[in-house]
Amino acid sequence: MAKKQAFSLIFAPAVKNHLKVIDSKWDSLIRTKIEQQLAYEPDVETKNRKQFRRQPAPFGADWEIRFGPDNRFRVLYKVAHETREVLILAIGVKQGNRLLVGGEEMDL
C-alpha cells in the first residue's frame, strides 16, 4: 500500500513573533502537535481541528487546531492542495473567551 504524501508546513514570518510571547517551555509541544496534526490530512475535521464557519477569520485562516493543557493553544492555518502546503498563519493562547496572538487580543 502506498504511503500518503505529507504536506509541507510553511510558517508565516509573523509566527516567530507569536511564539516569543509564549513561554518557551511549550515550544516542543507546539512544534510536535503542529507536525502530528497538519502533516497529513490537515483539512479533515476532528474534535480539535475545525474549519472556520464565519468569514473573514483572523489572519485569513480557514482552519484552526487546538491543543495543550485545557486546549489553551490555537494554530490558525490555510491549506493549499495544489502545492501540498499548509501555511501556518498564527499561533496563540486562549485565555477564557479571549485569543491572544503575539500578546494582542484577536476577535473570534
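A residue is taken as buried under 20% relative accessible area, as exposed over 50%, and as partly exposed in between (1.4 Å probe, protein chains only). By this criterion Arg-74 is buried, with a relative accessible area of 9%. The model is predicted: local features need pLDDT of at least 70 and side-chain atom pairs count only at pLDDT 80 or more, whereas totals for chains, interfaces and linings use all residues. Residues are numbered from 1 along each chain as its sequence is written, and side-chain values use heavy atoms, with hydrogens and water left out.

Two helices and seven strands make up the secondary structure of the protein, assigned as DSSP runs numbered from the N terminus (helices H or I, at least four residues; strands E, at least two). Along the sequence these elements follow the pattern β-α-α-β-β-β-β-β-β. The radius of gyration is 13 Å, close to the 13 Å given by the globule rule for 108 residues, so the protein is as compact as a globular protein of that length; the radius is taken over C-alpha atoms, and the rule is 2.2 Å times the number of residues to the power 0.38. The C-alpha trace spans about 45 × 30 × 25 Å along its principal axes. Of the 108 residues, 33% count as buried. Contacts (heavy atoms within 4.5 Å) between residues at least 6 apart in sequence join residues at least 24 apart in 49% of cases.

Arg-74 lies in strand β4. Its side chain is joined to that of Glu-64 by a polar contact of 3.4 Å, the term denoting a pair of N or O atoms within 3.5 Å; within protein, one must be able to donate a hydrogen and the other to accept it, and residues adjacent in sequence count only if both atoms are side-chain atoms. Beyond its neighbours within four places in sequence, Arg-74 is in contact with residues including Ile-65, Ala-90, Lys-94 and Leu-99.

Three aromatic pairs are present in the structure. Trp-63 and Tyr-77 form a stacked pair, at 6.4 Å centre to centre with 20 degrees between the planes. Rings of Phe, Tyr and Trp (its six-membered ring) pair if their centres lie within 6.5 Å, and planes under 30 degrees apart count as stacked, over 60 as edge-to-face and the rest as tilted. This pair links distant parts of the chain, Trp-63 in strand β3 (residues 63-67) and Tyr-77 in strand β4 (residues 73-80), 14 residues apart. Both Trp-63 and Tyr-77 are buried. One aromatic cluster is formed by Trp-26, Phe-67 and Phe-73.

Charged groups also sit over aromatic rings, a placement that requires NZ of Lys or CZ of Arg within 6 Å of the ring centre and within 35 degrees of the ring normal. The charged end of Arg-84 sits over the ring of Phe-7, 4.1 Å from its centre. Arg-84 is also in contact with Ser-8, as are Glu-85 and Val-86. Ser-8 belongs to strand β1 (residues 8-11) and is partly exposed, with a relative accessible area of 38%.

Most residues other than glycine have a negative phi. Phe-59, in the loop between β2 (49-51) and β3, has a positive phi near 65 degrees and is partly exposed, with a relative accessible area of 37%. Asp-70, in the loop between β3 and β4, has a positive phi of about 55 degrees and is exposed, with a relative accessible area of 75%.
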